[in-house]
Amino acid sequence: MSSQRPERVVHQDYIARIRYSNALPPPPHPPKLLEIPGTGLAGGEYTSAAYASKLAREQPLNIEADAELGMPIDLIGVPGIFEGDNRAIFTSETPQPIDPKDKQLLKPLAALGKGNALGAPVSFLRRTEYTASQAPQHFANATSKDLNRLRNDPKRRKVQSVDKEDPINILRNIAKGFDIAYPEDAFRGEDSTTTLRGAAPTDAEIKAWANPKHPTKPELKLLDSYPVLPDLDALPTSGAYIITKFQANPFGVSETYDQRLDCGLLYPIDDPAKQAEHQRKMDEWDSNSNKPQPLIEYDYDFYAPNDPTA
């Protein structure tokens with residue numbers, strides 16, 4: 001009898017070589033030539049990734065950081081901002097209704113992938129301990145007097161903490177300072193969209209206002225004080241504050257700071273063409289819209305003393 005030997009199965013790996021073509025266009029700028037020490041190709045430093053990373057770290061970043069760090073906050077041109085009207089920078093009090101199709105996109109991350117537990121059918125034979133969202137609380141041998149004592153215990157009451165970063169809380173504390181200075185003008189009515197009550201001042205704050213003391217020299221005595229209020233008529237909506245930047249030193253290249261920059265004068269140049277363009281933009285501008293009021297663009301002449309030491 002001859003026995004038939006089973007065939008031997010040999011596992012082989014399939015190796016495929018795929019070449020990807022680089023269809024990207026060449027860079028629009030010419031390559032930057034770097035000064036690399038000539039160590040030769042024998043060391044293998046040119047082909048290592050660490051060598052290229054080292055060269056990239058040694059190159060300084062060509063970033064010009066201005067005084068505002070790229071985020072200028074310019075309130076000029078916002079309608080009514082210097083007159084106490086903040087509607088242009090605040091969101092609307094009546095938000096637009098959300099479309100039913102978008103409500104699913106506003107669900108929190110914790111609610112994604114979970115079904116509605118309240119809508120699921122629950123058997124009436126199941127115990128309530130299993131269906132309750134929290135563990136049941138048992139009061140053994142507790143009378144109504146004990147329950148009232150626990151309910152009215154001041155240690156168990158939750159202390160309502162006020163968020164210091166809340167805009168309403170910030171406005172209340174600002175109004176509190178004026179209420180302490182002028183208590184006869186303090187608003188005592190109900191809060192509304194135009195009026196807001198100030199926060200309740202403490203006894204220490206009232207005493208500090210009545211008897212002011214110097215923070216570092218308590219022996220000094222205040223003789224008299226005068227209220228300093230802003231002149232709103234002197235702050236128009238446009239042209240109240242101008243930021244001017246020079247592309248280069250107007251007095252030429254110098255290694256030291258020229259003091260004439262601190263006392264120079266900018267004088268606007270009268271240009272009828274730009275005034276006509278500004279008038280056309282004003283005619284097209286709608287005061288009821290949220291768009292800022294168009295500002296006229298001037299060209300300026302810069303005047304400075306001839307003597308740097310003047």
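Rings of Phe, Tyr and Trp (its six-membered ring) count as a pair if their centres lie within 6.5 Å, and the planes are called stacked under 30 degrees apart, edge-to-face over 60 and tilted for the rest. By that rule, the structure holds three aromatic pairs. This is a predicted model, in which local features need pLDDT of at least 70 and side-chain atom pairs count only at pLDDT 80 or more, while totals for chains, interfaces and linings use all residues. Residues are numbered from 1 along each chain as its sequence is written, and side-chain values use heavy atoms, with hydrogens and water left out.

**The chain as a whole**

- Seven helices and two strands make up the secondary structure of the protein chain; helices (H or I, at least four residues) and strands (E, at least two) are DSSP runs, numbered from the N terminus.
- Along the sequence, the elements of the protein chain come in the pattern α-α-α-α-α-α-β-α-β.
- The protein chain has 310 residues, of which 5% count as buried; buried means under 20% relative accessible area, exposed over 50%, and partly exposed in between (1.4 Å probe, protein chains only).
- About 30200 Å² of the protein chain is accessible surface, and 56% of that belongs to carbon and sulfur atoms; these areas come from the Shrake-Rupley method with a 1.4 Å probe, and for residues only the protein chains shown count as cover.
- Among contacts in the protein chain with a separation of 6 or more, 56% link residues 24 or more positions apart; contact means heavy atoms within 4.5 Å.

- Helix H5 (residues 167–181) has 15 residues and should span 21 Å at 1.5 Å a residue, which agrees with the 22 Å between its end C-alpha atoms; the expected span is 1.5 Å times one less than the number of residues.
- Which residues of H5 are buried? They are Asn 169, Lys 176, Asp 179 and Ile 180.
- These residues cover an arc of only 90° around the axis, so they sit on the same side of H5; the arc is that of the directions from the helix axis to the C-beta atoms.
- The buried residues of H5 pack against helix H6 (203–210), whereas Pro 167 and Phe 178 are exposed on the other side of H5.
- In the loop between H5 and H6 we find Ala 199, which is in contact with Arg 172, Asn 173 and Lys 176 once its neighbours within four places in sequence are left aside.
- Ala 199 and Ile 174 are 25 residues apart in sequence, with their C-alpha atoms 8.4 Å apart in space.

**The aromatic cluster**

- Phe 246, Phe 251 and Phe 302 form one aromatic cluster.
- Phe 246 and Phe 302 make an edge-to-face pair, at 5.3 Å centre to centre and 70° between the planes.
- Phe 246 lies in the loop between H6 and strand E1 (265–269) and Phe 302 in strand E2 (residues 299–303), so this pair ties together parts that are 56 residues apart in sequence.
- The relative accessible area is 41% for Phe 246, which is partly exposed, and 27% for Phe 302, also partly exposed.
- Phe 251 and Phe 302 form a tilted pair, because their ring centres are 6.2 Å apart and their planes at 55°.
- With Phe 251 in the loop between H6 and E1 and Phe 302 in strand E2, this pair ties together parts that are 51 residues apart in sequence.
- Phe 251 counts as partly exposed at 25% relative accessibility.
- Arg 260 lies over the face of Phe 251, at 4.0 Å from the ring centre; a charge sits over a ring if NZ of Lys or CZ of Arg is within 6 Å of the ring centre and within 35 degrees of the ring normal.

**Gln 293**

- Gln 293 belongs to the loop between helix H7 (272–284) and E2, and is partly exposed with a relative accessible area of 27%.
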